[in-house]
Amino acid sequence: LEKAFTSSTTGALTATEAKCVATRFVSTVGVTKLKTAKLLDDKLQVNTTASPSFDTATSSKFADALLGCVNYQKRLAEETAKTDPTIDAAKFQKCLEDKLPDSLVKKMVVASQTQSSDAATIGKQGTQAMTDCKTQSKK
């Protein structure tokens, strides 16, 4: 799992963050559940041939592991400022901490991973928060 978390082309985690998230997620969910959800194959590697299916409890534990290991708002602000030089990363982070708190990030992760009926609505809330914060965080 660590490798999968660090190899994403956008917003990849650092090695330390990836190890933390993978360790917390596996320890709270368990290998058997991750195999059942099709995240891991029989060799305990990330399953690249099937789409994982998470129930709400598993997805919630993933979100908790992610948010327990990564300062999401800081990471998002830093990554955004790298690609948009008009953004003040510190202002953006401060705004995100207010408008996109961990509680909303968790809802977004769970809704997206479980494809819940309110995923689009929750996603819009997150997008709106990011858009508002970008506007407020111009240099």
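Which residue does the side chain of Glu79 meet in a salt bridge at 3.3 Å, N to O? The partner is Lys82. A salt bridge here is a side-chain nitrogen of Lys or Arg within 4 Å of a carboxyl oxygen of Asp or Glu. The model is a predicted one, in which local features need pLDDT of at least 70 and side-chain atom pairs count only at pLDDT 80 or more, while totals for chains, interfaces and linings use all residues. Residues are numbered from 1 along each chain as its sequence is written, and side-chain values use heavy atoms, with hydrogens and water left out.

Glu79 and Lys82 are three residues apart in helix α5, so about one helical turn separates them. (Helices are DSSP runs of H or I with at least four residues, strands runs of E with at least two, numbered from the N terminus.) Lys82 is exposed, at 64% relative accessible area, whereas Glu79 counts as partly exposed at 27%. The cut-offs are under 20% for buried and over 50% for exposed, with partly exposed in between (1.4 Å probe, protein chains only).

Glu79 also meets Arg75 in a salt bridge, at 4.0 Å, N to O. These two sit four residues apart in helix α5, again about one turn. Arg75 counts as buried, at 12% relative accessibility.

Arg75 in turn pairs with Glu17 at 2.4 Å, N to O. Because Arg75 belongs to helix α5 (residues 72–83) and Glu17 to helix α2 (residues 15–29), this pair ties together parts 58 residues apart in sequence. Glu17 is buried, too.

The structure holds six salt bridges.
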